[in-house]
Amino acid sequence: MKKSHTVVKCSPFHLTPLLALWSFIPLCVCTPVWLHKFHCNINLLMLMLLPILSAFTGGVSFIRPAAAFRLRMTQTLSHSNSHSNSHSNSNSRLFSTSTPPTKPPPSPIFVTTPIYYVNGPPHIGHAYTTLAADVLSRYHRLSGNPSVLLQSGTDEHGLKVSTTAASLGLGEKEFVDGVSDKFRGLLAALQVEGSADSSQVTATDKDKDKNKDKLEFVRTTDDDHKACVSAVWKALSAKGLIYKGVYSGWYAVRDECFYNEGELVDGLAPTGAEVVWTEKEESYFFKLSEFEGRLLELYERNGGAFVRPASRLNEVKAFVKGGLNDLSVSRTSFDWGVKVPGDESHVVYVWIDALANYLTKVGYPNVENDKFQKFWPPKCQIVGKDILRFHAVYWPALLMALDLELPERVFAHGWWTVNGEKMSKSVGNVVDPFELIGKFGVDRVRWFLMSEVGFGGDGDYSEKMLVRKTNTALSNSYGNLVQRSLNMVYKNCEGGRFPEVVFYSDSDSDSDSSSELTENDVKLLDAVQNLVTDTHSFIEKQELHKYVHELEDVVRMANVYVEEEAPFKLKKTDFRRMEVVLRVLGEVIRGVSIVMLPVVPDGATKVLDMLGVGEEERCFRCVGEACLGGRAVQKPVGVYMRIDEIEEE
Ligand code: ME8
């Protein structure tokens, strides 16, 4: 079974120096002729040669993928965490000692959610968007980006909020304060990173420092936001893009949106919301029509990157191609909003007020300040498909008008129904995320919402499915793998420590000892290493469901490995092989748990604690670093205990 020879893998990356050599020979032959013929200068020649030379030098290691667990030296990790111990790592000298080339620091990343209306408490729809943004942000931080800012908040102005407050006999401010607190509380309940909490009096200085610049929460009733809206208005006005007129048309209070006659379906808004006729109300207008050409050009040139999923781009294009009217951007019939600068009889239209939220915390209009310079423009703005028009049409037009850079991407995810029905207060089926988290734990909610539907598509929520799916993925599969593997280490390995094992680099031909790994071990370890590259590409495309599904696949593979290798039997027949298998399982659980952190931070953290993996080792770069040799596992406790399945009705 045991392989005594080096595992040789051939990838396209191994061929790079050969290809470079291949292209170098004809270049050497032809260059003097070209130089003569085209009177080229020598600098140009050097430029042409540069990529080839770099392929022979540092460039080779830079473009090679981090090859499997066997490649890296254990010593490169600091083992100073409290769980690790001072056991010498005798196998570490066998690993490659080459230092990876220094990469430039990654650019800061700004991720946003919509700001939510406070006319009702948060539900799972809001939780969904916020979770997706947190998964993305956590992923980038674990990938080594120290500057990732997530922004969420509450949208507190407008007729709808004003009417709801009145119906409850509350003043507007009193009402919005209460609901906004719930939305802020949701961030903590969902374990959004940074929410535990820089502003809390009880937070230690270390926590405050750790959470600094990770999370911002905007309220449209706060002074900094109102100042930002006024600044946006003044800038548009100064450019001659706002004028006063008279508005007549259909308005849906529920959507806080104007609709053209032609958009109505059976007398209702296309969203199904009731519309009321607004007769000749004095209003300011933003010259949206002037941006039609530039918007269409944006969709043509960069639409596939700007709007995702790609299928939604067509509806955006069609709307703009249908012709853009100037946008009514102020109201006089109520006053719960930001006053129009210079004309206090008007309040700013709630959507202009709301869209400006993305500029508030980066300090607009002071675009020279550090935060703006660092984080603008947003890398990814996540919204529901209901508000794509605002974010893919009005928002870029406003930014063009303000001469500000556009976000890299607006991602519109799908819609959740509940047991096949639209969520609504009147039906009484609104799912309260606090209740759900209290009942099942935050990780199950996070896992289910992220894995159940393709991100971008619609989903249907049912408690039965949540329990069933998370029992399968988290209890039976991951939890079981962790429990049985760590128990065996705890009970059978000396001192409950992970054994030292020779992990081995295929590129380390000068190694003075043979790998103790079998092909089966290597296959599993490679699958974990592949997670790192695959999940990176999923995140770049916001394919969050694929991220979770690949994790499920690798954990399934690891459970098959346990059955095949049967360490419980090896205990009696080949103790050393049992040790190797358990060490492999330890590294696999460690790698998988790191990749799981963005999705299920609670349970994955507990597992990494049990393994004795220090905070500084919880990063994607560390996944392939086999580092557990000599470390003692904590007495294993169950994570994700099974929940009784809910009976069919
Ligand atoms: O539109 N399924 O706020 P809002 C999935 N204030 N996602 C859902 C959902 C569901 N059933 N219900 C809500 C507003 N969402 C404005 C936004 S931003 C400048 C202003 C999520 O409280 C989804 O992200 O109606 C949707 O776009 C957002 O909540 C709408 O929240």
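Just after helix α10, G323 takes a positive phi of about 100°. Helices (H or I, at least four residues) and strands (E, at least two) are DSSP runs, numbered from the N terminus. This is a predicted model: local features need pLDDT of at least 70, side-chain atom pairs count only at pLDDT 80 or more, and totals for chains, interfaces and linings use all residues. Residues are numbered from 1 along each chain as its sequence is written, and side-chain values use heavy atoms, leaving out hydrogens and water.

**The whole protein**

- The secondary structure comes to 22 helices and 15 strands.
- Of the 649 residues, 54% are buried (under 20% relative accessible area; exposed is over 50%, partly exposed in between; 1.4 Å probe, protein chains only).
- Take the contacts (heavy atoms within 4.5 Å) with a separation of 6 or more: residues 24 or more positions apart account for 78% of them.

**Helix α10**

- Helix α10 spans residues 313-321, and its buried residues are L313, V316, K317 and V320.
- These residues cover an arc of only 95° around the axis, which puts them on the same side of α10. The arc is that of the directions from the helix axis to the C-beta atoms.
- An α-helix has 3.6 residues a turn, so residues three or four places apart point the same way.
- The buried residues of α10 pack against α9 (292-306), β7 (307-308) and α14 (388-401).

- Four strands form an open sheet in the order β5-β4-β6-β8, with antiparallel pairing. Two strands pair if DSSP finds at least two bridges between them.
- The edge strands, β5 (257-259) and β8 (327-328), each pair on one side only.
- Helix α14 packs on the sheet and touches β5, β6 and β8. The direction of α14 makes about 30° with that of β6 (axes are lines fitted to C-alpha atoms, for helices over the stretch in contact; angles run from 0 to 180 degrees between N-to-C directions).
- Strand β6 (residues 276-286) runs antiparallel to β8, and two bridges join them.
- F285 has S328 in β8 as its bridge partner.

**Nonpolar cores**

- A nonpolar core is a set of buried Ala, Val, Leu, Ile, Met, Phe, Trp, Tyr and Cys residues joined through side-chain atoms within 4.5 Å.
- The largest has 113 residues; W447 and M596 are among those with the most contacts inside it.
- Helix α21 (residues 575-596) gives the most to this core, with 12 residues.
- M596 touches W447, L474, Y478, L551 and A604, not counting residues up to four places away in sequence.
- Another core lies apart from it, with 73 residues, including C228, V275, V362 and L398.
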